[in-house]
Amino acid sequence: MLNMDLSQKVVINTTTMDWLPSPSGGVLRKPLERESAESGHTTSVVEYIAAANFPIHPHPLGEEIFVLEGIFSDETGNFPAGSYIRNPPKSHHAPFSHEGCKILVKLNQFDENDSQQVNIDTQTAKWLQGIGGLKVMPLHDFKHGARHEHTALVKWPAGETFQYHQHVGGEEIFVISGELRDEYGQYPAGTWLRSPHQSVHRPYAEEETIIFVKTGHLPLV
């Protein structure tokens with residue numbers, strides 16, 4: 001197990017990590033949280049070198065992908081950088097990349113009733129006005145029991161400070177560009193943060209910054 005105590009805060013700058021091999025040649029990864037070696041709850045940054053592929057495999061409790069660089073592909077299509085993909089529980093595919101790519105991927109973390117297939121090109125989707133100067137691009141919402149999971153991109157203009165707030169059901173961030181800051185530290189592009197239920201902070205950005213953010217999906221304990 002790796003970083004599976006979901007009541008603990010975790011901050012990892014993935015740019016300083018070494019790439020580790022996967023069972024498929026040409027596919028490398030940087031594990032961030034992992035329930036077991038090749039199954040269960042997993043979050044990783046994954047790199048496909050040019051012409052690499054991964055054998056067909058199932059997603060018992062879903063798969064969530066954000067394409068960071070290059071073009072990620074499977075039998076359903078080609079997904080360039082900025083693509084957001086949700087493959088529901090019990091789906092399967094055989095992914096590959098002709099030119100190579102890097103992705104953020106989360107496996108087996110869906111509610112079993114979260115069955116919506118999602119494919120969004122965030123390079124062409126519209127930004128919505130958020131609080132203050134923030135721009136928000138909603139990607140997915142799902143309510144299950146007392147939890148309300150929300151996934152979005154958030155664009156911070158230079159000099160923007162957000163209100164002090166609490167994370168009901170936790171918060172998970174991957175910094176796509178720029179640098180996010182709060183009273184606890186500085187998080188440059190490539191940083192992954194996971195903050196537990198009822199954690200609090202007041203984030204800000206001194207330069208334009210874009211983050212991938214999930215809220216409300218962690219245990220309410």
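Student: Which residues touch the most other members of the largest nonpolar core?

Tutor: The general idea is that in soluble globular proteins, nonpolar side chains tend to be buried together. A nonpolar core is a set of buried Ala, Val, Leu, Ile, Met, Phe, Trp, Tyr and Cys residues joined through side-chain atoms within 4.5 Å. Buried means under 20% relative accessible area (over 50% is exposed, in between is partly exposed; 1.4 Å probe, protein chains only). Here, the largest core has 14 residues, and Leu104 and Phe212 touch the most other members. Strand 1 (10–13) and strand 15 (135–144) are the elements giving two or more residues to this core; strands are DSSP runs of E, at least two residues, numbered from the N terminus.

Tutor: Keep in mind that this is a predicted model, where local features need pLDDT of at least 70, side-chain atom pairs need 80 or more, and totals for chains, interfaces and linings use all residues. Residues are numbered from 1 along each chain as its sequence is written, and side-chain values use heavy atoms, without hydrogens or water.

Student: What is Leu104 in contact with, leaving aside neighbours within four places in sequence?

Tutor: Contact means heavy atoms within 4.5 Å. For Leu104, the partners are Leu32, Thr43, Ser44, Val45, Glu64, Ile65, Phe66, Leu68, Phe174 and Phe212. There's also a second, separate core of 13 residues, with Ala52, Phe54, Cys101 and Val105 among them.

Student: How many aromatic pairs does a search of the whole structure find?

Tutor: A pair of aromatic rings is described by the distance of the centres and the angle of the planes. Rings of Phe, Tyr and Trp (its six-membered ring) pair if their centres lie within 6.5 Å; under 30 degrees is stacked, over 60 edge-to-face, the rest tilted. The search turns up 4 pairs. Take Tyr48 and Phe72: their centres are 5.8 Å apart and their planes at 75°, so they are edge-to-face. Tyr48 is in strand 4 (residues 42–48) and Phe72 in strand 7 (residues 63–74), so the pair ties together parts 24 residues apart in sequence. Both Tyr48 and Phe72 are buried.

Tutor: Trp156 and Phe162 are edge-to-face too, at 6.2 Å and 70°, and both are buried. Phe66, Tyr84 and Phe212 are linked into a cluster by ring pairs.

Student: Which charged end sits over the ring of Trp19?

Tutor: A charge counts as over a ring if NZ of Lys or CZ of Arg is within 6 Å of the ring centre and within 35 degrees of the ring normal. For Trp19, it's Lys30, 4.4 Å from the ring centre. Likewise, the charged end of Arg86 sits over the ring of Phe110, 4.0 Å from its centre.

Definitions and conventions: Helices (H or I, at least four residues) and strands (E, at least two) are DSSP runs, numbered from the N terminus.
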